[in-house]
Amino acid sequence: MTSINREATPQDPQQPEGAQTLHDDLHEIWGNPRGIKALTIVNHTTLGLRFMVTGMVFFVIGGVLSMLIRTQLATPDQNFMTPDIYSQVTTMHGTVMMFLFAIPILEGLAIYLIPKMIGARDLVCPRLTSLGYFCYLFGGIILSFSMVLEMAPDAGWFMYTPLSSSEYSPGLGSDFWLLGITFVEISALSAGVEIVVSILRTRTQGMALHKMPIFAWYILAMALMIVVGFPPLILGSVLLELERAVGMPFFEVAGGGDPLLWQHLFWLFGHPEVYIIFLPAAGIVSTLIPVFAGRPLVGYGWVVFAIVVTGFISFGLWVHHMFTVGIPQLAQAFFSAASMLVAIPTAIQVFVWLATLWLGKPRFKLPMLWILGFLIIFVCGGLTGVMLALVPFNWQVHDTHFVVAHMHYVLVGGMFFPLMAGLYYWLPLFSGRMPSETIGRWGFWLTFLGFNGTFLIMHWTGLLGMPRRIYTYEAGNGWEIFNLLSSISGFVMSAGIAMVLIDIALHFKFGKPAQHNPWKADTLEWANAMPPSAYNFVSLPKIDTRHPLWDNPDLPRTMAEGKHGLAVTSHGRREMWGTDSITGKVREIIHLPGNSWWPFFAALALAVVCVSLLTRVYALAGVFVIIAGVFLLRWSWENGAHPKAAPDAEVRKGDPPLHSRTMSGPGVWAMATFSIANGSFFLSYLFGWFYLWTVSPQWRMPEVSPLSLVVLVAAGVAMTLGAGVMERLVRGLRVNQDRGLARGFYMSALLGAAQVGLVLWSLLTAGLEPTRTSHDAVLLVGLVYALFHGALAMILSAMQGLRVRHGYVGLHAPFEPAVVVILWRYNVVTFWVLVGALGVLPRVIGG
């Protein structure tokens, strides 16, 4: 850890010399290493750029695949690609665009901007951000490599069963998708948790929720939706991979499964994902329009209301993707109405944007061109969305090019155009240079005209009956001229996007140097240097307005001169404020870890696990699961009062304590947010259990449950006692009592070991046949889930005991037990629910 002591020459932030000293010292503490050590960087600015650059690389790959598709469909009876290759290309196009481009690049933009917007120096868990990036990178490489091997998935980007099951996809294509996407989902969840906690707990002093930049509201909603929405897909991927690898029949009707279970789990993720993509893009629009209209956003409160309502409603729409699979008419009517209801909060935002433009004096700079293009395209996509929400119309156009066109109008129009507006808007912040208005406008018009030429026409081919996912078609159907025009327009759009990418790349060297805050914006990110430093701000200001740079234009200068909070570096720590989640009142000083190899090593070990599972080398996969666990535990060891974290708890007089010396730091919030994601996974598992139980035609419930209820209850009692011990220890720390602290942690670990042993005994003696019936397969997954969580709680409790012995935990540093106890609480609740669902209910109501 960097240690700076300038007591012999005290810093004076009021003087220019003192300000320069602060800059130099902060650079020494926060600066990024070069060479191979660049893999250790945990700074959000660098990692956000890495996410965005990597996302753009995958975007180019996905765009090339789309042009291959349009080439194949340009004329009838085309043999440019074989049917197998075409299926791989279409599957990978959708997969790359949805999973490897859209969400990661938006998360990258959020990772880059959010700390700057809310007046923080970094995200709250920087090593987690690094782990997320490497998981994304390695998962994307593994998935993309399948195309090089001509073993890419070919069952569609949605991987419907049984098409993606072993019988119809016997190669490794589906396995590449399942394992690669699950790996990428770890990245998305990591970023989601990181962003939620950072927004809620690290806003600068005085920035209450109602004074937060509107973009941060959108990103908070997006991150919470990721936390809740991604686990169902992770569960579905795990179940399908288990079915493919070892034959557990979760989706096979003959074994008691149901292929529609996959569709439910996929769309429980898939429809919220549409709004996960849309909300950040809408946040860009709500941020840029006030800047270029020269006035505050009309109806800030209404927009926040619309954001929250959209987030909630989006989780109740998944079945509208399944209107043609035979669901009851009452369910169709409900989800049809809900699908139309979501248009209300969307319309609120559109009218707020129009009102802001109407009441302001708009300046039609390059970013505003993309905003206007978005407004036109997204409204059109919204209208066709209302059409598809009507069940009779949906039946007529389902699986036609009309749906493809609608999806691209909503996703490309609703996400890509605002993203381009945002990139052009924030380019001066990234680089300190301005983009080319001429090249940028050519790129916009080619993209806008090419996009509408491609997909507007596809509405018509869909209405003429052209199915999607066909690799060719015969002449005489009336589709020929429309497909040719769509393909030509597709290449026009590609030329426009190529011009945009060239403009962005060239401007870093040839762009005109930008003046400070070139757009006359109102939010704090423009108080940074351009490009920003690794630490963002020399001092952290008190903010009492939504428009700090409009209301106090001198703020960037005073921040740079160190005239605000935390303008001290003599301790050598990376620090920022920890504030109240509602009011923005300062509660503690958060000290952050420095650059570290552990995230890279952990992600690399997980990548080896992924490749080992692909090649069916299960022993090697097991070894590297353990290695990855060791890396993660070693990573967690360097926390709190560890010498590499913050052994020195000294703070300036009048400043609050370090977060590791309290019991309410952001780690508590991070564990709670992870528990929400974990709970979503668990509830999805319970949904699958009850769905198969009540819907699957071949479900077989044994007359006598194979699980020993006595053993499960004994395991639950052991876990509850272990949690009780942890609760007692934490309560003691809250009242400054630590007697028997280490012994208590060891006792809790022993009780956790007893629970693990009893669950393992129940599993081994149950005589389950998980490859014969889905009933036994679901039981096995539930017991393994309980085993994993029990073992994790046991290990973490034992580590707490060791950390007490080393002096890293105690009255002087009571923070970590408050984090671990949340896991124990979660385990107790979920285990007893599991006992009730798997052990008690089958005995009470039977099969």
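1. The UniProt annotation "domain: Cytochrome oxidase subunit I profile", from an unreviewed entry, covers residues 29-544. UniProt positions follow the numbering used here, feature names are shortened, and annotations may be inferred rather than shown by experiment. This is a predicted model, in which local features need pLDDT of at least 70, side-chain atom pairs count only at pLDDT 80 or more, and totals for chains, interfaces and linings use all residues. Residues are numbered from 1 along each chain as its sequence is written, and side-chain values use heavy atoms, with hydrogens and water left out.

2. Residues 29-544 are 68% helix and 1% strand. The end C-alpha atoms of that span lie 29 Å apart. Helices (H or I, at least four residues) and strands (E, at least two) are DSSP runs, numbered from the N terminus.

3. The structure holds 18 salt bridges. The term means a side-chain nitrogen of Lys or Arg within 4 Å of a carboxyl oxygen of Asp or Glu. One of them pairs R616 with E241, at 3.8 Å from N to O. This pair links distant parts of the chain, 375 residues apart. R616 sits in the loop between α18 (598-614) and α19 (618-637). E241 belongs to helix α6 (residues 214-246).

4. Are the two partners buried or exposed? R616 counts as partly exposed because its relative accessibility is 30%. E241 counts as buried because its value is 10%. The cut-offs are under 20% relative accessible area for buried, over 50% for exposed, and partly exposed in between (1.4 Å probe, protein chains only). R616 also deserves a backbone check: its phi is positive, about 65°, although it is not a glycine.

5. Two further salt bridges can be inspected. R557 pairs with E561, the closest N and O atoms being 3.0 Å apart. R557 is partly exposed, with a relative accessible area of 38%. E561 is partly exposed too, at 23%. R652 pairs with D655, with 3.5 Å between the closest N and O atoms. Salt bridges that share partners join D175, E241, R244 and R616 into one network. For R652 the relative accessible area is 39%, so it is partly exposed. D655, at 21% relative accessibility, counts as partly exposed.

6. L768 lies in the loop between α22 (741-765) and α23 (774-806). It counts as buried because its relative accessibility is 18%. Which residues does L768 contact, leaving aside its neighbours within four places in sequence? They are P706, L763, D776, L779 and L780. Contact means heavy atoms within 4.5 Å. The C-alpha atoms of L768 and L779 are separated by 8.2 Å, and the two residues are eleven apart along the chain.

7. I481, L484, L485, I488 and V492 make a nonpolar surface patch of about 380 Å². Patches take residues with over 30% relative accessible area and no salt bridge; like charges are joined within 9 Å, nonpolar side chains (Val, Leu, Ile, Met, Phe, Trp, Tyr) within 5 Å. Areas come from the Shrake-Rupley method with a 1.4 Å probe; for residues, only the protein chains shown count as cover. I481 is in helix α15 (residues 480-510). It is partly exposed, with a relative accessible area of 47%.

8. A search of the whole structure finds zero disulfides. A disulfide is a pair of cysteine sulfur atoms within 2.5 Å. C135 is buried, with a relative accessible area of 0%. C380 counts as partly exposed, at 35% relative accessibility.

9. Check two cis peptide bonds. The bond from T161 to P162 has omega near 5°. P162 lies in the loop between α4 (126-148) and α5 (173-201). The bond from M530 to P531 has omega near -5°. P531 is found in the loop between β2 (512-513) and α16 (548-551).

10. K520 is also in the loop between β2 and α16. Its phi is positive, about 60°, although it is not a glycine. K520 is partly exposed, with a relative accessible area of 47%.
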